[in-house]
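Please open the model in your viewer and keep the selection panel at hand. The stops below say what to select next and what is there.

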Amino acid sequence: MQQQTPRDVSAEIARSWLLVAATRPEDFDAAEASRADQIILDVEDAVDPRRKDSARGDIVDWLSSGGSGWVRINDRTSDFWSDDVDALAGLPGLRGVMLAKTEAGAHVTETFDRLRGTTPVIALVESALGIEEAAAIARARGAYRLAFGSGDYRRDTGTSADDLAMAYPRSRLVVASRVGKLPGPIDGPTVGTSHPVLREQSSVAVALGMTGKLCLDLEQLPIINEVISPTRSDVAWAREFLADFEARGRVIRDGSDLPRLGRAEKIDKLARAFGVEPA
């Protein structure tokens, strides 16, 4: 697969989203140069409340000095949200924000408005209430994508990490994203160093309709990017179908042609964006 940099892959279709603790500004440059499609500087869960101000300041300095990335900010009901949005508004390197613990559409819209109505907001849904309000969150003005805070969701609900138990909230986010006309949602991170487990969990997320994944480790990036990309055999099929469709004058022969055309066009678009060549 062709190597991509964060600037090559649009956030709309980004597969890998690397979280970087804002308390480690020495890691920002390496993260930006990594294989992550997008990076997120985390000033929320990764930062002790006593260090929020200094960590936020390091983010502002980096984004103002040529760095580029997303920022996970504190939730709308926290004491830190207002300072987060005021510090970030208008920064040249800010690609967007990920809003922690989103539980209402108003949380998204108020954040979007405070960021001058131009900065996209990824709503991180992390609770039972957030899952139940997912459709309203997805339809909120300023919403760009939904993301799943799987760890906090399990803590809130007592749900295990079993694939079957986690299928419901993931599917809710997939359906809500479609209702809100958003790209597919971003799955939560896989904690641990087992690459087979990461591959399996990424495959499950893709099967459910998710199109991105949060991660905490640089070594996870190649696997996430591979699993969420179209396979080489899928790309070969898509391009053969599209070539045949063009050769016959784009004539619809039966009821299966339009669904197959839509799938082939989507695969071809993603393959070109991710640099995947046919088998």
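Select helix H4 (residues 105-114), whose buried residues are Gly-105, His-107, Val-108, Thr-109, Thr-111 and Phe-112; buried means under 20% relative accessible area, exposed over 50% and partly exposed in between, with a 1.4 Å probe and protein chains only. Helices (H or I, at least four residues) and strands (E, at least two) are DSSP runs, numbered from the N terminus. This is a predicted model, in which local features need pLDDT of at least 70 and side-chain atom pairs count only at pLDDT 80 or more, while totals for chains, interfaces and linings use all residues. Residues are numbered from 1 along each chain as its sequence is written, and side-chain values use heavy atoms, with hydrogens and water left out.

Now show the surroundings of H4: its buried residues pack against S3, H3, S4, strand S5 (121-125), helix H6 (134-139) and strand S6 (143-148), where contact means heavy atoms within 4.5 Å.

The axes are lines fitted to C-alpha atoms, for helices over the stretch in contact, and the angles run from 0 to 180 degrees between N-to-C directions. To see the contact itself, select Trp-81, Ser-82, Val-85 and Asp-86 of H3 together with Glu-110, Thr-111 and Arg-114 of H4.

Just after H4, move to Arg-116, which lies in the loop between H4 and S5. Arg-116 has a positive phi of about 70° although it is not a glycine, and at 60% relative accessibility it counts as exposed. A further non-glycine residue with a positive phi, of about 60°, is Arg-250, in the loop between H11 and H12; Arg-250 is partly exposed, with a relative accessible area of 40%.

Next, select Gly-96 in strand S4. Is Gly-96 buried or exposed? With a relative accessible area of 0%, Gly-96 is buried. Leaving aside neighbours within four places in sequence, Gly-96 is in contact with Gly-69, Trp-70, Val-71, Thr-119 and Pro-120.

Helix H2 (residues 52-63) is the following stop, with 12 residues reaching 16 Å from the first C-alpha to the last, close to the 16 Å expected at 1.5 Å a residue; the expected span is 1.5 Å times one less than the number of residues. Colour Lys-52, Ala-55, Arg-56, Ile-59, Val-60, Trp-62 and Leu-63, the buried residues of H2. Seen down the axis of H2, these fall within an arc of 165°, so they line one face of the helix, the arc being that of the directions from the helix axis to the C-beta atoms. They pack against helix H1 (28-32), strand S2 (38-42), strand S3 (69-73), H3 and strand S4 (94-99).

Finish at Arg-170 in helix H8 (residues 163-179), which counts as buried at 7% relative accessibility. Not counting residues up to four places away in sequence, Arg-170 touches Phe-148, Asp-163, Asp-187, Val-204, Leu-208 and Met-210.
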